[in-house]
Amino acid sequence: MSKSSASSQSSSTKGLVAIGIIWALFALMFFLLFSSPGPDGTKPAWFLLGITILETGAFAASGILCLRNWRSSQIVSGRNVWLWIGVGLLFYTMGNLFFFLWGNVWGLDPSVSLGDFFYIFSYIFLAAGMFKAVLPRRLNLEPPQWLIIVGVGLSGILLAYFVNYLVVESEAAAFPVRTVQTAETIPAAVLVDAPTTPEAAPESAPVVPADTEAPPPTAPAFAVAIDDFLEPVESVVGLLYLIG
């Protein structure tokens, strides 16, 4: 390698590191300054868009850099490691994009969406990249050491399953959601026997016409069809998330 090419490579690396540090500091300040919810308890749409661009842009740039390392002739060994990790990061990028479209643009809140499958595949590719980086190193572990590694992984999965499925479901069963009775849910006999004198009658609330139409959905038909198709595999997707 000539001195000029080495100098150019060094300056390029320094520039990338500087851009990464600036991006991280800007994302941190953006989150700290604007993450507080508004008076209605929700965050503005521009904050959700901004935080999505910052997060998704970081993953996309990282994936592209990994693919660049995979294609580089200066990587003398382990180039496939960069390929698997880069593909995993790009899959995570696509998951973020679909998650933003489903929830923030189209107003959908399904149990399983198309973005979930990109997230799960990103775990698979990232895990494959890490295994390809470690296994060729000829680790000489004793059988008890392998058992410890497997035990740690399984205990983490079981702990996550216990917290997500047993504790959360038991709390939901112990504290059911109470329904507020309205004129439509109160039995007619109770309404007939209720006092109607001006002194006893409560202040009436505004009456909403029964024929008020809901706003038309903004989501495209294919997105709704995908949600309906994926809904039966909710439990499987949740288990894959725990393993991932």
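Let me start with F118. Leaving out residues up to four places away in sequence, F118 touches F91, Y92, M94, G95 and F98, where contact means heavy atoms within 4.5 Å. This is a predicted model, in which local features need pLDDT of at least 70 and side-chain atom pairs count only at pLDDT 80 or more, while totals for chains, interfaces and linings use all residues. Residues are numbered from 1 along each chain as its sequence is written, and side-chain values use heavy atoms, with hydrogens and water left out.

F118 also belongs to the largest nonpolar core, seven residues made up of F98, W102, W106, L108, F118, A219 and A223. A nonpolar core here is a set of buried Ala, Val, Leu, Ile, Met, Phe, Trp, Tyr and Cys residues joined through side-chain atoms within 4.5 Å. Buried means under 20% relative accessible area, exposed over 50%, and partly exposed in between, with a 1.4 Å probe and protein chains only.

Next, T93. It lies in helix α3, residues 79-105; helices are DSSP runs of H or I, at least four residues, numbered from the N terminus. T93 is buried because its relative accessible area is 7%. Its side chain reaches the backbone nitrogen of A60 at 3.3 Å, and a polar atom of that side chain lies 2.9 Å from the backbone oxygen of L89. Beyond neighbours within four places in sequence, T93 is in contact with T56, F59 and A60.

Last, W70, in helix α2, residues 45-71. Is W70 buried or partly exposed? It counts as partly exposed, because its relative accessibility is 27%. Not counting residues up to four places away, W70 touches R79, N80, W82 and L83. W70 and G86 are 16 residues apart in sequence and 8.5 Å apart in space, C-alpha to C-alpha.

Key: Helices (H or I, at least four residues) and strands (E, at least two) are DSSP runs, numbered from the N terminus. A polar contact is a pair of N or O atoms within 3.5 Å; within protein, one must be able to donate a hydrogen and the other to accept it, and residues adjacent in sequence count only if both atoms are side-chain atoms.
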